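Here is a short report on one protein structure. Keep the sequence and the 3D view open as you read.

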Amino acid sequence: MSNVETEPAQTRCGPEENDGERPGGTGVEVLTPRDVPLGGPRAMTVRRTLPQRARTTIGAWCFADHYGPDDVTRTGGMDVAPHPHTGLQTVSWLFSGEIEHRDSLGTHAYVRPGELNLMTGGHGISHSEVSTARTTVLHGVQLWTALPAEHRDTGRDFQHYVPEPVRLDGAGIRVFLGSLAGSVSPVRTFTPLLGAELTLAPDAGVTLPADPAFEHGLLVDQGDITLNGTRLTPADLGYVPLGTPGLTLHNDSTTPSRAILLGGPPFEEEIIMWWNFIGRSTEEIAQAREDWMKGRRFGEVTGYDGDPLPAPVLPNVPLKPRRNRR
């Protein structure tokens, strides 16, 4: 799902008391999540590890929500009304369940476990996301990548891809963006990126080659995983800096473990993230908000039974650009 917080405070990026970071002791930073309640007709709570004060981006990856497993008979599942995006690409990846996607390009598609939905917002797109009646347990991640300034006003686009799984030692790998272990995704991005689901058998380990020009993040979904000597537990995101030639993972659990591996060269631009918009200035964000509220620029989503989401009120102070601390 997207960022449908009803009060998306732009400066609230991580736990105040520990900055969202736990030292790893081996060059791996451990970023811990915060719980974020989302609004909309069916409220959900997600675990958010990006952005936060300790780290705004990993490569161009700028937003990571991890949710579930949720019993939809109890929680109601997902129902996110039409809402806008600018300046980014959204990446939807499920571990269980099924989500129906509609957007202002006229796309009507589904995403299921092991499948990628990637939507390009660019100058402006709108979409809705609803878990289907076939869903009993909803579990997955929602990720964003920031578009570089030269492409932030690119046209709307939608891509669907089903990667073939590959095996490497004790690991199962599904590469949905970029390349790893001989698997290459054809999905177009605007900066070099890596995105892959990794599974490890109990007590299994694997060493993956790492592009030293990339920084990497490993978001653990289930199991305890040691990454380059640092222990990560479920919902942790382990950050590995530039210059690392390899990623060594070991499943310390007696059950299978699963994680999402992200990577890319450092994203050096300052960005402003507010609600579902990424821009470079308060004025740019304010214009996107005004256009959405006045029915301009973002197109119309057809087939969704309900009204679009209204934009929250902008704060009465300028929004501050963010970039990673070096």
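## A residue after a helix

V301 sits in the segment after α2 (282-293). Helices (H or I, at least four residues) and strands (E, at least two) are DSSP runs, numbered from the N terminus. V301 has 12% relative accessibility and counts as buried. Buried means under 20% relative accessible area, exposed means over 50%, and partly exposed lies in between (1.4 Å probe, protein chains only). V301 and A81 are 220 residues apart along the chain, and 9.4 Å separates their C-alpha atoms.

This is a predicted model: local features need pLDDT of at least 70, side-chain atom pairs count only at pLDDT 80 or more, and totals for chains, interfaces and linings use all residues. Residues are numbered from 1 along each chain as its sequence is written, and side-chain values use heavy atoms, leaving out hydrogens and water.

## An enclosed strand

How many of the 7 residues of strand β11 (residues 125-131) are buried? The count is 7 of 7, so β11 is largely enclosed by the rest of the structure. In a regular strand the side chains alternate between the two faces of the sheet. On one side of β11 are I125, H127, E129 and S131, on the other S126, S128 and V130, and all are buried.

β11 has strand partners. Two strands pair if DSSP finds at least two bridges between them. Strand β6 (residues 79-85) runs antiparallel to β11, joined by 5 bridges. Here H83 stands opposite H127. Strand β8 (residues 99-103) also pairs with β11 in the antiparallel sense, over 5 bridges. In that pairing, H101 stands opposite E129.

## Another covered strand

Strand β23 (residues 237-240) has both faces covered. L237 and Y239 lie on one side, G238 and V240 on the other, and all are buried. Strand β2 (residues 29-31) pairs with β23 in the antiparallel sense over 3 bridges, with L31 opposite L237. Strand β20 (residues 215-222) is antiparallel to β23 too, and 4 bridges join them. G217 stands opposite Y239.

## A cavity

The whole structure holds 4 cavities of 30 Å³ or more. A cavity is a set of points, on a 1 Å grid over the protein atoms alone, where a 1.4 Å probe fits but cannot get out; lining residues have an atom within 4 Å of a point. Grid points are joined across faces, edges and corners, and a volume is the space filled by probe spheres set on the points.

The second largest cavity has a volume of about 80 Å³. Its lining includes H101, H127, E129 and F158. Elements giving two or more residues to this lining are β7 (88-96), β8, β10 (116-120) and β11. By class, the lining has 5 nonpolar, 5 polar and 2 charged residues. Ala, Val, Leu, Ile, Met, Phe, Trp, Tyr, Cys and Pro count as nonpolar, Asp, Glu, Lys and Arg as charged, and the others, Gly among them, as polar.

## Rings and charges

A search of the whole structure finds 7 aromatic pairs. Rings of Phe, Tyr and Trp (its six-membered ring) pair if their centres lie within 6.5 Å; planes under 30 degrees apart count as stacked, over 60 as edge-to-face and the rest as tilted. W292 and F298 form an edge-to-face pair, 5.8 Å centre to centre with 85° between the planes. W292 is buried at a relative accessible area of 11%, and F298 is buried at 1%. Ring pairs link W274, W275, F277, W292 and F298 into a cluster.

A charge sits over a ring if NZ of Lys or CZ of Arg is within 6 Å of the ring centre and within 35 degrees of the ring normal. R258 lies over the face of F95, at 4.2 Å from the ring centre. R134 lies over the face of Y110, at 5.9 Å from the ring centre.

Definitions and conventions: 1 Å grid on protein atoms, 1.4 Å probe; cavity = no way out; pocket = protein on both sides within 12 Å on 5 of 7 lines; lining within 4 Å.
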